[in-house]
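Dear colleague,

I am passing on the structure we spoke of, and would be glad if you could look through it alongside the notes below.

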There are 4 protein chains.
Amino acid sequence: MDLGITDRVRPLIEAVRDMVENEIAPLDAEFHAEVGTHPSGDRFKHTDRQLEILDGLKAKAKERGLWNFWLTDSDRGYGLSTVEYAYLAEEMGKVTIAAEVFNCNAPDTGNMEVLERYGEEWMKDRWLVPLLNGDIRSAYVMTEPDVASSDAAQLAFEARRDGDDYVLNGDKWWISGAGDPRCGLYIVMACTDPDAPKHQRHTMFVMDADTPGIEVLRAMQVFGADDAPHGHMHLRFTNVRIPAKNIVLGEGRGFEVAQGRLGPGRIHHCMRAIGQAEKALELMCTRGLSREAFGKPIAELGANYDIIANARMEIEMARLLCLKAAWMMDSAGVRAAQPWISKIKVIAPLMAGKVIDEAMQLHGAKGISQDMTLAHMWTHVRTLRFADGPDAVHRRQVARAELRKYTQANV
Amino acid sequence: MDLGITDRVRPLIEAVRDMVENEIAPLDAEFHAEVGTHPSGDRFKHTDRQLEILDGLKAKAKERGLWNFWLTDSDRGYGLSTVEYAYLAEEMGKVTIAAEVFNCNAPDTGNMEVLERYGEEWMKDRWLVPLLNGDIRSAYVMTEPDVASSDAAQLAFEARRDGDDYVLNGDKWWISGAGDPRCGLYIVMACTDPDAPKHQRHTMFVMDADTPGIEVLRAMQVFGADDAPHGHMHLRFTNVRIPAKNIVLGEGRGFEVAQGRLGPGRIHHCMRAIGQAEKALELMCTRGLSREAFGKPIAELGANYDIIANARMEIEMARLLCLKAAWMMDSAGVRAAQPWISKIKVIAPLMAGKVIDEAMQLHGAKGISQDMTLAHMWTHVRTLRFADGPDAVHRRQVARAELRKYTQANV
Amino acid sequence: MDLGITDRVRPLIEAVRDMVENEIAPLDAEFHAEVGTHPSGDRFKHTDRQLEILDGLKAKAKERGLWNFWLTDSDRGYGLSTVEYAYLAEEMGKVTIAAEVFNCNAPDTGNMEVLERYGEEWMKDRWLVPLLNGDIRSAYVMTEPDVASSDAAQLAFEARRDGDDYVLNGDKWWISGAGDPRCGLYIVMACTDPDAPKHQRHTMFVMDADTPGIEVLRAMQVFGADDAPHGHMHLRFTNVRIPAKNIVLGEGRGFEVAQGRLGPGRIHHCMRAIGQAEKALELMCTRGLSREAFGKPIAELGANYDIIANARMEIEMARLLCLKAAWMMDSAGVRAAQPWISKIKVIAPLMAGKVIDEAMQLHGAKGISQDMTLAHMWTHVRTLRFADGPDAVHRRQVARAELRKYTQANV
Amino acid sequence: MDLGITDRVRPLIEAVRDMVENEIAPLDAEFHAEVGTHPSGDRFKHTDRQLEILDGLKAKAKERGLWNFWLTDSDRGYGLSTVEYAYLAEEMGKVTIAAEVFNCNAPDTGNMEVLERYGEEWMKDRWLVPLLNGDIRSAYVMTEPDVASSDAAQLAFEARRDGDDYVLNGDKWWISGAGDPRCGLYIVMACTDPDAPKHQRHTMFVMDADTPGIEVLRAMQVFGADDAPHGHMHLRFTNVRIPAKNIVLGEGRGFEVAQGRLGPGRIHHCMRAIGQAEKALELMCTRGLSREAFGKPIAELGANYDIIANARMEIEMARLLCLKAAWMMDSAGVRAAQPWISKIKVIAPLMAGKVIDEAMQLHGAKGISQDMTLAHMWTHVRTLRFADGPDAVHRRQVARAELRKYTQANV
């Protein structure tokens, strides 16, 4: 169970870390400051400067071969293991736009995996190639307003067969990336047979984002932020018609696709969250050493040593757990790795939230202001406690796996 | 130690609760949706509709005699005790604009207390009367960018005597309410003698907000929000000249004024936070009973019973502690109440943050969206862990008071 | 809602505190050191010196009128309110044998309440009078080995009608006080009709402890201690025959008696636990000020200020919550007080366990040794998380009461 | 960084697990039940049956080659890595007497390491050989009653040079294993030069346990238990005379020896604690599945799924952290591993205490009784939060190591 940094990935980590720190981080604040300044007044359009920043960085990354690392266990690209990739994801988590610079950002990586793993050739040609190239973006269209996502079998958005087509109707919300004008692909989960057994009711479709009949109702806000121009959109589908060939894997196999998609993505999210916790601890230490009160560096005041020590211990444990989940994925496959993914999915966002919270507290009001990245990190990792399954569902998975050791009956 | 609801305050609580729920809450979302839509493009101007909402509600409240409750232990108004007021503050905490509707909002109440308690007659005429009337707003100008607020003796913003005047220079930030165009008064803490003993270095000044030489550099953001039009402004004073008679209480007595000001204000903040926790628990329960997953109301799933029970228990304990701090203030004065104020200052925001967090979690993504008030509540109570002294400073006060019981030596 | 110390109870608190500190505490260690030294080798016999200590102290207490305070809301004795008594219970909690010295110890107080409230005259003459006088002790015989106590309707110990008698058969365990040779009364819950509705299956009986057919199988150990000579005995009843007139209140009304009995007792346990937490905090502070490491009192090292502050805050909150539960009992009766009793039943032992744990940690190994009372306090408060209902059951009660506010349906 | 189970150690783990479960566990309760039944009345003598049990099991273990695994990185025996040994220690932690059966118990392993690493040949012949053979036991004599162990430089027990001898005077307490009549060796830390620099004041001596002048004052109790016949003794040295050649490594090098000794021992303690947590989780699950209340297995009630899931997650994280500390020791040496050892020294006992606590709670009163091993496990892991350095000291080490990354100055 080698959870360490391999010789193969070590130089990549260094190159990525260097680029994140020295080239991406300095532009990150500028990128965000540009949001909402497009001459049209449309927050969901990139300004010229934003595109210049993004495209410039992406070009550099691609030129250096720092691109598409997430393609694990593959003939294309580096063929890294999930463990190896995890170390890279951690570095990319430290700055918000970094993951996209290396074409390793959610939800595109998950969507590319769907195409890579389950897509037909024509689908790959049409969407996977430009996605791998960084030319378009994509969205994963699953969550519905009136349904507890924890019980996905309830999803009711309808796809009705009509001749050689399917006709889609219903609302979807929290569709991340659907605000981005570069978004070219929607992968949509729809109910094709409400009377089928629970996990055979749904089907996964692929379609162009500009298919007629899709309307953006509004941008959902995350703690007051619309995350423009990426966005988390509330979409309405009205008689959206697509050919039956746009089905992925087969009718009624939507759950199968969704499960396969979520494993690696959850690990990536977690490793990026760990990267944010590392960043927060670094900020806590440098502030603690440089700021003084009562004639001492504040690191030496009150419980700050304990706070720093606890942060370090919790980060290490979460990282090791995440690496073990990655190793399970590499060595035993997604299905066997599921309880491990559930574990880290609960732990990493909780841990990161706690460490970032302490880092904010040590910075005083500055820590929650626009002068630091901590506030955004904090609200972002909070969203991870819902995204891809709320904590309660993952804890339930872990408990069931545990109890199953003692009984063959379905607990 | 009567911590209960008195006969005198009971009808006031009912009237306030009723108005908050039925008249203010329905307009609150509309008020916030108007932010940033002023034709001038200036986010720090109220729209006509915003003023209409505010002024309309304020007129109703005043007409019903629901006004200036915070004037505790006073001949004017109700002369409520702090315990009695605490119950009202709790109700007002449930909706963001409610406190202002009853002229009971921070920082105005604290500023009015300064004038009421320490101000000269001309100061009262000029600023207290219109403040009590709700005609102007005010700001308290204390925090500085480069100084740990926990060690306030370090505050370096300078007021230099020059003939009959003082000349003020320096930066202040997080000046809440200084964005509001109705803000007419600044109460400013400045260093008049850096070589004096630690708690005699600073002096409190009052001045018109539009005194020449004061510049708004920018609006500080709180988790990405500028809280316009109220605002938390970064101000720069450049040779701001004010007459010596604008000193409150006397040169070198700034700390004395600051201490007297903060006691009640901290309790009010805490009771409003408890009101928010109550609101969050209510939302948790109603959602838990109405939303279903796996064929059951989600209240019955997983650990939700425990989560609800813990929330209820922690709210009750925090409320009782807050009421006891209020009772100490009423019966033994601010100084004796200080360790009790420190206790609740630590507990209430932590507790409220936890309860609101659980309420968000139970709502899924909706809980952090613009469709609920939970997200704003959560980031708001988080700021209370810095405002008026960070947790660490208050814990230190509590510990020192405890150890002092066992030693006369200065611990 | 007066939760304070009344003028009536203030001198009693002082007298009790003084006697606990200066007369009982110095003999407590000696009492415990005598355990197991009876010449017969029988750990469940008091040595002469133990009886001398106990009887001597009891005589003094009685002489001073410090006796039977627990008789709240009664014509006999002081007629204290539960709130008033709570302050006394706190003082008595600080030393293990103190409660008995004032004839206020569990399970006798609960048993006396049963007799006082539900007993017939002959029962009072036979058992209540000597109990009130401190001449005999008693035990409450409810818990069974094979049944989850949280679901008391499952209790299966059998009482079968046979003519004018009932014949009892079955095992009971954790019968506290049944080891004490002075124990004269058993109050026994037995199933008289397994087919009756859930809460009418059981009946409460009173009987002499030496009724033939009752066998002590063994002493249950609490973290390795048998708590001799008090003891928590495992009893076996074999054809134990008692007259039908020994039924309390009526056949099938066992639950009613049990509920009435448990309310005040739980509050008393909680207040004593709070007394132990206060004692632990005192020990923490005096040790923190007197012991040095690295040239400083250890109170000033690491996170100790925060630990002390947290202990103080949590004690205050638990005490206020407990007083409110007591006040509910006084003002609205046991039934209305139930959710409040559940709240404090969860909170007080958890809080006390935490504070005592920190106090032990600050003392190093000495804290867990026979040289301090902390170790015994810690294991004792741990047992309170099961006794009279496990935390989970009380949390469930609190949650149900909360949800009931929003629905009339039986949640 | 291979943290997995190697092919070499896998069969050993299986053999040890099998022997622990099937041969040692069934005799463990009997061994403990014999304590205090020696005909002489001396609790610190083994009964014949106790010796029969221990010697019988040890003979079997030795015969099967399951012996002295702890000799890591050595030519003798298996030469396991610390990572490999950690997996074995986990298994041995599950039953109290198991570690001794395989000659892998504290404090003997640490003492043997001292002799192996720093001892002269004659010392090895005299004490190491019989220790390796399991013929004698040993004690490590360091802790003093009046000194904060966290600041070991304060240790004042005196060794005064007198000709070719040293004369030792003073008290030592918590000397584990000194109660065992088989104890043949004391390794004693004494102050030889109170005026020397802080870490050169002390010297380590070896001596026979029956050296004249050593008196056992009493057995220290751990939560009321004397852990006879092993014991944690309070010793008094009065003019104990030993030759100067009994010094280990050199005068003034006591700290060096102590540091070298403690690294591996702490990891072993932690892995055994993790084994206890695993055992507790197993008991929690089997009870949760077999016990019913309200018509359901209690595992399905309340928050039990979450409790089980949290236990599983925390065990996994602690194990991984412990394995990483072991790997650091193997790959980079004790000194580089120190901050990692401090981390796991804080985490493992806390985690195990929490998991065992939950397991007890799920069992109700049975969980804290003599019918289960949980109560003893719980108090035992609690002692680990002091043993070999209290949590606060280890947290301080972790924080200092963290801050050192940002400054070369001695933090």
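The notes that follow take up a few helices in turn.

This is a predicted model, in which local features need pLDDT of at least 70 and side-chain atom pairs count only at pLDDT 80 or more, while totals for chains, interfaces and linings use all residues. Residues are numbered from 1 along each chain as its sequence is written, and chains are lettered from A and ligands numbered from 1 in the order in which they are written.

In chain B, helix α2 covers residues 48–63 (helices are DSSP runs of H or I, at least four residues, numbered from the N terminus). Its buried residues are B:Q50, B:I53, B:L57 and B:A61, where buried means that 20 or more other C-beta atoms, placed from the backbone, lie within 10 Å of the residue's own, and exposed means 12 or fewer. These four cover an arc of only 70° around the axis, which puts them on the same side of α2(B) (the arc is that of the directions from the helix axis to the C-beta atoms). The face turned away from that buried side carries the exposed B:D48, B:A59 and B:E63, and just after α2(B), B:G65 takes a positive phi of about 75°.

Helix α9 of chain B, residues 374–383, is mostly covered, with nine of its 10 residues buried, among them B:W378 and B:R382. The buried residues of α9(B) pack against α7 (254–290) and α8 (304–363) of chain B, contact here meaning C-beta atoms, placed from the backbone, within 7 Å.

With best wishes

Key:
Helices (H or I, at least four residues) and strands (E, at least two) are DSSP runs, numbered from the N terminus. Two residues are in contact if their C-beta atoms, placed from the backbone, lie within 7 Å. The expected span of a helix is 1.5 Å times one less than its number of residues.
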